[in-house]
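Hi,

Here is the structure I promised to pass on.

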Amino acid sequence: EAGLYDLLLHSQDRAYAADEWVAELSGAGLELTRWVAPALYDLSMVQSVPEGMDAVTAMAVAEKLRGTITKHVGYAQRLGEVAAPITQPALTLVPHLEAPRAEIAKAVAARKALKLTVQGVTFRLKLPEAAAGVLRRVDGRASLAEIAGGVKLDAITFQSLWKRIHEALMATGSLRYSSLKSR
């Protein structure tokens, strides 16, 4: 099969472990800023991290222990550049969910753990019940400001709730943002 050949046997293909990928980036004058699904590489979610273990080694150990990561997807920047991570996104950004919003909102409203599977690893996320109403409005068209205006929460409560949603879903690669609205 052409697909199998291309996936496993292509002469130009090279498999990389997480630490090898980070080293390749470094050799090209780049550095990893963030994995798309950083929870996959979080050793503390698998076992306790030995004292003194550097971050790259911890990611490589997590990858080996999980044994399910088939491809690495991350963001890189030039070595030495300073880019602040998005901890509290601007209200002008449009959030996009990588999983069906109705199913996510239903699980959250039922006070169930949200089960998301990423590269063979199932994560169970617990979000507050109030998050269900917010998640129902994430349609890829509405900005965070429009979502906030559509729910009956004051600005501080919305920001606090969105921060929890953001942290949980960004860790699994289940949330992304754009500055353009979908049609």
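Before the notes, one cut-off: a residue counts as buried under 20% relative accessible area, as exposed over 50%, and as partly exposed in between. So Glu129, with a relative accessible area of 39%, is partly exposed. Please keep in mind that this is a predicted model.

I went looking for salt bridges, and the search of the whole structure turned up five. Here are some of them.

Glu129 pairs with Arg111, and their side chains meet at 2.7 Å, N to O. This one links distant parts of the chain: Glu129 sits in the loop between β5 (121-125) and α5 (131-136), while Arg111 sits in the loop between α4 and β4 (114-118), 18 residues apart. Arg111 has 58% relative accessibility, so it counts as exposed.

Next, Arg176 and Glu98 form a salt bridge whose closest N and O atoms are 2.4 Å apart. Arg176 belongs to strand β6 (residues 175-178) and Glu98 to the loop between β3 (94-97) and α4 (101-109), so the pair ties together parts that are 78 residues apart in sequence. Both ends are partly exposed: Arg176 has a relative accessible area of 43%, and Glu98 has 45%.

Then there is Glu81 with Arg78, where the closest N and O atoms are 3.0 Å apart. Which class does each end fall into, exposed or partly exposed? Arg78 is exposed, with a relative accessible area of 56%, whereas Glu81, at 37%, counts as partly exposed.

Cheers

Definitions and conventions
Residues are numbered from 1 along each chain as its sequence is written. This is a predicted model: local features need pLDDT of at least 70, side-chain atom pairs count only at pLDDT 80 or more; totals for chains, interfaces and linings use all residues. Side-chain values use heavy atoms; hydrogens and water are left out. A salt bridge is a side-chain nitrogen of Lys or Arg within 4 Å of a carboxyl oxygen of Asp or Glu. Buried means under 20% relative accessible area, exposed over 50%, partly exposed in between (1.4 Å probe, protein chains only). Helices (H or I, at least four residues) and strands (E, at least two) are DSSP runs, numbered from the N terminus.
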